[in-house]
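Please look at the sequence and the structure shown here. The paragraphs that follow go through one part of the model, residue by residue.

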Amino acid sequence: MSKVAEHEKQERFAEKLAKGEKITSVEEMTEEYKEHLVHLMTMQADSELAGAYGYVPWIMKSPSIQETLTVSQIVKDEVRHGRVMYRLLEGLGFPVSSG
C-alpha cells in the first residue's frame with residue numbers, strides 16, 4: 001500500500017473512531033491497530049489456555065464428584081474461550097497452528 005493510501009486509510013479510521021463507530025472488518029484497520037489487536041488477542045487466547053491447564057491438577061484432588069465436575073467444567077470453558085480467540089485470530093490472518 002502506498003504512503004498516500006495508508007495515510008487516507010488512517011484518516012478514515014480516525015474519523016470513524018471519533019464518531020464512535022465500530023471497526024467491523026480487517027480492511028478498515030490500520031496496520032498499527034491490527035498489530036496491537038492481534039497482540040492483545042494472542043495474549044488473551046494463550047492466557048485462556050494456560051488458565052485451563054492450571055485447573056487440571058485440581059480435578060484429581062477434588063474431594064467429591066460434584067467438585068470434580070465443577071472443575072472439569074471450568075477447564076472446558078477456558079479451553080473453549082481459547083479456541084474462540086484462536087479462530088478470531090485466524091480471521092485476522094494470524095497463523096494459528098493446530099498442532
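**Contacts between a helix and a later segment**

Not counting residues up to four places away in sequence, Thr42 touches Leu89 and Phe94, where contact means heavy atoms within 4.5 Å. The model is predicted: local features need pLDDT of at least 70 and side-chain atom pairs count only at pLDDT 80 or more, while totals for chains, interfaces and linings use all residues. Residues are numbered from 1 along each chain as its sequence is written, and side-chain values use heavy atoms, with hydrogens and water left out.

Thr42 sits in helix H2 (residues 31-61); helices are DSSP runs of H or I, at least four residues, numbered from the N terminus. Thr42 counts as buried because its relative accessibility is 18%, buried being under 20% relative accessible area, exposed over 50% and partly exposed in between (1.4 Å probe, protein chains only). A polar atom of the Thr42 side chain lies 2.7 Å from the backbone oxygen of Val38.

Helix H3 has 27 residues, which at 1.5 Å a residue should span 39 Å, and this agrees with the 39 Å between its end C-alpha atoms; the expected span is 1.5 Å times one less than the number of residues. Among the buried residues of H3 are Met85, Tyr86 and Leu89. H2 is included in what covers the buried residues of H3.

Just after H3, Gly93 takes a positive phi of about 90°. Phe94 lies in the segment after H3 (65-91) and is partly exposed, with a relative accessible area of 31%. Leaving aside neighbours within four places in sequence, Phe94 is in contact with Val38, Thr42 and Leu89.

Technical notes. Helix = DSSP H or I, 4+ residues; strand = E, 2+ residues; numbered from the N terminus. Polar contact = N/O pair within 3.5 Å; in protein donor to acceptor, adjacent residues only side chain to side chain.
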